[in-house]
Amino acid sequence: MNDTRRLYTDLAWLWPMWGDPADEYAHYCRYVTGLIDRHATRPARTLLDIGCGGGKNVFNLKETFSVTGLDLSPTMLAQARELNPECTFVEGDMRTFRLDRTFDAILMDDAISYMACLEDFEAAFRSASAHLEPGGILIATPDVTTETFQQNRTIATPATRTPEGLDVVFVENVYDADPADDYYETTVIYLIRDHGRLRIETDHWTMGLFSLGTWRRVLRETGFEVREGLYEAGEEEYTVFACVKR
Ligand SMILES: C[S@@+](CC[C@H](N)C(=O)[O-])C[C@H]1O[C@@H](n2cnc3c(N)ncnc32)[C@H](O)[C@@H]1O
């Protein structure tokens with residue numbers, strides 16, 4: 001099945017309903033800021049958020065850092081700019097972008113999941129490394145690794161109401177057809193009720209799935225000293241890599 005990535009194109013208007021920037025994103029960003037404080041070996045004033053999407057992490061990080069966001073999707077970047085008019089946003093592909101500057105810190109959050117083969121995964125970390133000052137810190141958070149992946153895991157969000165009065169529910173399913181390769185598929189069903197009238201939309205993404213050992217090796221090989229933290233969100237626990245640029 002082909003990737004559609006409609007959440008970042010024609011259905012991007014649904015993105016603000018998928019998680020409140022002032023809630024779970026704020027909690028995660030406090031954790032990220034703490035890791036940067038603890039591990040950076042230079043003062044961290046500037047931060048690049050790679051795969052910044054609609055700018056929900058930026059919304060929280062801009063209190064502490066001068067933030068630049070980078071994303072592939074012009075539609076998502078437009079949302080990020082609206083939420084964070086004081087920050088800088090750049091369109092680019094995390095595998096190949098080259099900005100004419102470096103940063104004290106870089107965040108690679110959920111967007112790194114879109115690196116669906118080892119070659120892209122390595123290229124994204126090489127690009128990050130090229131944009132970090134020596135002693136600066138990269139924070140990278142795998143959504144899942146081969147150790148934590150749950151076949152056919154299906155979650156549904158609580159219904160959220162848009163400002164126009166539409167009720168939206170997101171249903172997300174993950175499936176790995178071949179554990180020997182480096183990717184799995186995410187299928188999303190959007191249930192949109194317009195004053196009771198149901199509209200169903202679907203979406204599909206191919207996402208990378210690597211072991212913790214592969215994460216550690218690729219991070220070391222792309223120029224980082226690797227440290228690890230555990231981030232707790234409700235009943236879930238995530239490994240977070242805090243990587244100091246050598
Ligand atoms: C779930 S959203 C990120 C949301 C973000 N963490 C926030 O704070 O709002 C994932 C983003 O990854 C971006 N993305 C996917 N592949 C990319 C690539 N190769 N380079 C840059 N961005 C990419 C998508 O365009 C999308 O905006």
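Select R95 to start. This arginine is partly exposed, with a relative accessible area of 29%. Throughout this tour, buried means under 20% relative accessible area, exposed means over 50%, and partly exposed lies in between, with a 1.4 Å probe and protein chains only. The model is predicted: local features need pLDDT of at least 70, side-chain atom pairs count only at pLDDT 80 or more, and totals for chains, interfaces and linings use all residues. Residues are numbered from 1 along each chain as its sequence is written, and side-chain values use heavy atoms, with hydrogens and water left out.

**Stop 1**

The term stands for a side-chain nitrogen of Lys or Arg within 4 Å of a carboxyl oxygen of Asp or Glu. Helices (H or I, at least four residues) and strands (E, at least two) are DSSP runs, numbered from the N terminus.

D93 counts as buried, at 18% relative accessibility.

**Stop 2: E236 and R153**

Select E236 and R153 next. Their closest N and O atoms are 2.8 Å apart in another salt bridge. Here 83 residues separate the partners: E236 sits in strand β12 (residues 236-245), R153 in the loop between β5 (132-140) and β6 (154-156). E236 is partly exposed at 30% relative accessibility. R153 is partly exposed too, at 33%. For a network, select R6, D10, R199 and E201, which are joined by salt bridges that share partners. The structure holds 14 salt bridges.

**Stop 3: the sheet**

Switch to a cartoon view. Look for an open sheet of seven strands, in the order β3-β2-β1-β4-β5-β12-β11, with mixed pairing. Two strands count as paired if DSSP finds at least two bridges between them. The edges are β3 and β11 (224-233), each pairing on one side only. From one strand to the next, the twist averages 20°.

Strands of a sheet pair through backbone hydrogen bonds, either parallel or antiparallel. Zoom in on β11 and β12: they pair in the antiparallel sense over 10 bridges. Within that pairing, E225 stands opposite V244 in β12. Then show helix α1 (residues 24-39), which packs on the sheet and touches β1 (46-50), β4, β5, β11 and β12. Its direction makes about 145° with that of β11. Axes are lines fitted to C-alpha atoms, for helices over the stretch in contact, and angles run from 0 to 180 degrees between N-to-C directions. Contact means heavy atoms within 4.5 Å.

**Stop 4**

Select β1. Five of its five residues are buried, so the strand is largely enclosed by the rest of the structure. Both faces are covered: T46, L48 and I50 are buried on one side, L47 and D49 on the other.

T68 in β2 is the bridge partner of L48. T68 counts as buried, at 6% relative accessibility. Leaving out residues up to four places away in sequence, T68 touches L47, L48, D49, T88, V90, R101 and F103.

**Stop 4: N84**

Move to N84, in the loop between α3 and β3. It is buried, at 0% relative accessibility. Beyond residues up to four places away in sequence, N84 touches G55, V58, F59, K62 and F89.

**Stop 6**

Finish with the surface on. The second largest pocket holds about 170 Å³ of space. P16, G19, P21, G54, K56, Q79, E82 and L83 line this pocket. Helix α3 (residues 74-83) gives the most to the lining, with three residues.On a 1 Å grid over the protein atoms alone, a pocket is an open set of points with protein on both sides within 12 Å along at least five of seven lines, whereas a cavity is a set of points where a 1.4 Å probe fits but cannot get out; lining residues have an atom within 4 Å of a point. Grid points are joined across faces, edges and corners, and a volume is the space filled by probe spheres set on the points.

A search of the whole structure finds one cavity of 30 Å³ or more. The largest cavity has a volume of about 80 Å³. To see its lining, select I112, S113, M115, F121, P142, D143, V144, Y184, G208, L209, F210 and W215.
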